[in-house]
Amino acid sequence: MSLLIIIGEALRALRLNRLRTGLTMLGMIIGVAAVVLMLAVGQGAQTTVNQAITSMGSNLFFIVPGATSSGALRSGAGAVQTLTMGDAQAIAHLPSIKATAPIITGTAQLNYGANNWSTSVTGVTPDYFAVRDWPVESGALFTEADLRSSARIVILGQITASNLFGEEDPVGKTVRIKSSPFLVAGILAPKGQSLDGRDQDDAVFIPLTTGQRQIFGNQFPGTIRFMMAQAQSAEVMDEAETEMNRLLRQRHRITEGMENDFTVRNLAALAAVATGAAKVMSLMLGAIASVSLLVGGIGIMNIMLVSVTERTREIGIRMAIGANRRAILTQFLLEALVICILGGLVGVVLGIGGAWAVSQAADMVVVITFGMVALAFAFASAVGIFFGFYPARKAAALKPVEALRYE
Amino acid sequence: MNSPQVSDHPLIRVEDLCKIYSLESGNKQGGGTVNSQVLYDVNLAIHRGEFVAVMGHSGSGKSTLMNILGCLDTPTSGHYWLDGRDIASLSDDELAQVRNRNIGFVFQGFNLLKRMTALDNVATPLLYAGVSRAASRKRALELLKQTGLGKFAAYQPNQLSGGQQQRVAISRALVNNPQLILADEPTGNLDTQTSREIMAVFQQLNQEQGITIVLVTHEDDIAAFTRRLVRLQDGRVVHDGRVPA
């Protein structure tokens, strides 16, 4: 008996018991849909984290004032401004360092015409945009000359620009920051969410010197809030960290045994942790979904066992008219497999639909790859073969005479 | 009555056939197995073209003998050659093939596959023999037409009368051109008139096509359609010869 005919027989048998077939299939559908949905959500989370990491720029260090661990009485990190422009310039000259970006931050009210908007104002040097790998979309960045002359120039993030200007083109217009007029030089390309979930596009950037002298004011001129440093390459990250620590200890006159008054944080290490966490979450979601697939598989086995018992006489008749054990085995195995494959197909469609619904409803990133669909499907088929095999073997092992006598 | 050619080499040869059923005792205290012997040293030779009735009271072992002859069951001891082949030497797959190609079964309860058309029921043995679906159906339809059921091809068994179902079963038994038809009380569920019609079909198959037929019955007037009577009693052959008139 050819395989095609056996498939036909399997389909016919399943059609005869539509409700039962449907309910059994439902277990499979839910299992496969859950696997696809969970993998899509997990993969989406990973993608979000990865995007946030790449949006930070590559091979980056954060150097912040204060210590994160030490003895008795301490101030929190950043409470004391121990880092200076001089530190940033000195670090920039280290061989393993490509560039540094000293940063001061604050919040201010911005006005343009009748519109106003409160956002974070960041004082940076022109290198900042290179370190962050953040180009302008229109207009231009400010220059070293603007920095030296403390020019009143501002670069707007996408969100801020649209909040202040709406449809208007801001480049060349004047906005007021804390009542001081600033010329809008450029609009930055969109960057998206950062690792901590802030929208990086809701920000404006002004020359560091302008910020220090005219916007924020500062009791210690020349100090900065924190800085970013970019290593020459991923290979020299460790070397760069050692060099920066040594240099800053030297510049800050910290003797042996004394605690650092700054902290160097490797962003790659932070990123690795975040990526790891996302991966674990993704795996866990997949594992939980797999359980429902397993339960669906057990349901199939259960129903197939009932079906074999119910159809014992049919099996006997088939054996009497010439079915060999393989034909019986194949028939029952195929019935289980057909349930799985049809259930798998519907499940994949439902899973993709569910993932889409989640992305719409919860504003989450979901990612569906061919690989995960294939995986869920292969898993479903494997479940079908695994759980269909025992009942099928039981059917094939029946003795013809006993099967025929069965009432 | 013109008699068909009877060959010298037996189609069925059975020597010292014994069948013992071992039943697990359900008694938890007693345990062990209970043996019950159903066939004692049965010797039998049936030649090609014969039409044999096997008779006996219930429990005489006639159904067990038929199951063994039909390769549905295996003897505990003794030998069975079908067309010169020692059945004991055959594998499960080969036995399935023998049932498929060499033997046609007709049962008391018809044993048609439910919710399947008469046509597909008749065609199924051909499918197991590896014939394509289209060719199987064509051959099945021919047979149904021969038994006068052509217009019932698309009916399912539960839509047919007992006699019609048995004709479908006979068509199914014939579909692979077997040398041997084993009929286990084929008229047991039929009224007298239909029984006669069915027996006439068997008689015709035996006389016109020379098909060997072994038929189990406990009715004398059914046995009267055959030409040789084997009577079993308590698992032993107690009579083998002409059918008493």
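Two strands are said to pair here if DSSP finds at least two bridges between them. The helices (H or I, at least four residues) and strands (E, at least two) are themselves DSSP runs, numbered from the N terminus.

Colleagues, the model before you is predicted: local features need pLDDT of at least 70, side-chain atom pairs count only at pLDDT 80 or more, and totals for chains, interfaces and linings use all residues. Residues are numbered from 1 along each chain as its sequence is written, chains are lettered from A and ligands numbered from 1 in the order in which they are written, and side-chain values use heavy atoms, with hydrogens and water left out.

I begin with chain B. Strand 6 of chain B and strand 7 of chain B, residues 180–184, pair in the parallel sense over five bridges. Within this pairing, B:Phe107 has B:Asp184 of strand 7 as its bridge partner. Both strands belong to an open sheet of six strands with mixed pairing, in the order 6-7-8-3-9-10 of chain B. Its edges are strand 6 (103–107) and strand 10 (236–241) of chain B, each of which pairs on one side only. From one strand to the next, the twist averages 15°. Helix 5 of chain B, residues 162–174, packs on this sheet and touches strand 6 and strand 7 of chain B; contact means heavy atoms within 4.5 Å. The direction of helix 5 makes about 165° with that of strand 6 of chain B. For such angles, axes are lines fitted to C-alpha atoms, for helices over the stretch in contact, and angles run from 0 to 180 degrees between N-to-C directions.

As background, strands of a sheet pair through backbone hydrogen bonds, either parallel or antiparallel. Chain B also has an open sheet of four strands, in the order 2-1-4-5, and here the pairing is antiparallel. Why is one side of strand 2 and of strand 5 of chain B left without a neighbour in the sheet? Strand 2 (33–47) and strand 5 (85–86) stand at the edges, and each has a single partner strand, so one side of each has no neighbour in the sheet. Strand 1 of chain B (residues 10–24) runs antiparallel to strand 4 of chain B (residues 77–82), and five bridges join them. B:Val14 has B:Tyr80 of strand 4 as its bridge partner. Helix 1 of chain B, residues 62–69, packs on the sheet, where it touches strand 1, strand 2 and strand 4 of chain B, and its direction makes about 120° with that of strand 1.

Next, helix 2 of chain B, residues 92–101. B:Leu95, B:Ala96, B:Val98, B:Arg99 and B:Asn100 are buried in this helix; buried means under 20% relative accessible area, exposed over 50%, and partly exposed in between (1.4 Å probe, protein chains only). Which elements cover them? The cover includes helix 10 (312–320) and helix 13 (400–405) of chain A, together with strand 4, strand 5, strand 6 and helix 3 (118–128) of chain B.

I turn now to chain A. Strand 5 of chain A, residues 153–156, is covered on both faces: A:Ile153 and A:Ile155 are buried on one side, and A:Val154 and A:Leu156 on the other. This strand pairs in the parallel sense with strand 7 of chain A (residues 180–188) over four bridges, and A:Leu156 stands opposite A:Ile187 of strand 7. Two bridges join strand 5 to strand 8 of chain A (residues 203–207), and these two run antiparallel; the bridge partner of A:Ile155 in strand 8 is A:Phe205.

Two helical residues deserve mention. Not counting residues up to four places away in sequence, A:Ala289 touches A:Gly31, A:Ala34, A:Val35 and A:Met38. A:Ala289 and A:Ala34 are 255 residues apart along the chain, yet their C-alpha atoms are separated by 5.2 Å. The second residue, A:Thr24, lies in helix 2 (residues 18–56) of chain A and is buried, with a relative accessible area of 8%.

Finally, A:Asn163 of helix 6 (residues 158–165) of chain A is partly exposed, at a relative accessible area of 31%. Its contacts, not counting residues up to four places away in sequence, are A:Asn115 and A:Trp117. Between A:Asn163 and A:Asn115 there are 7.9 Å, C-alpha to C-alpha, at 48 residues apart in sequence.
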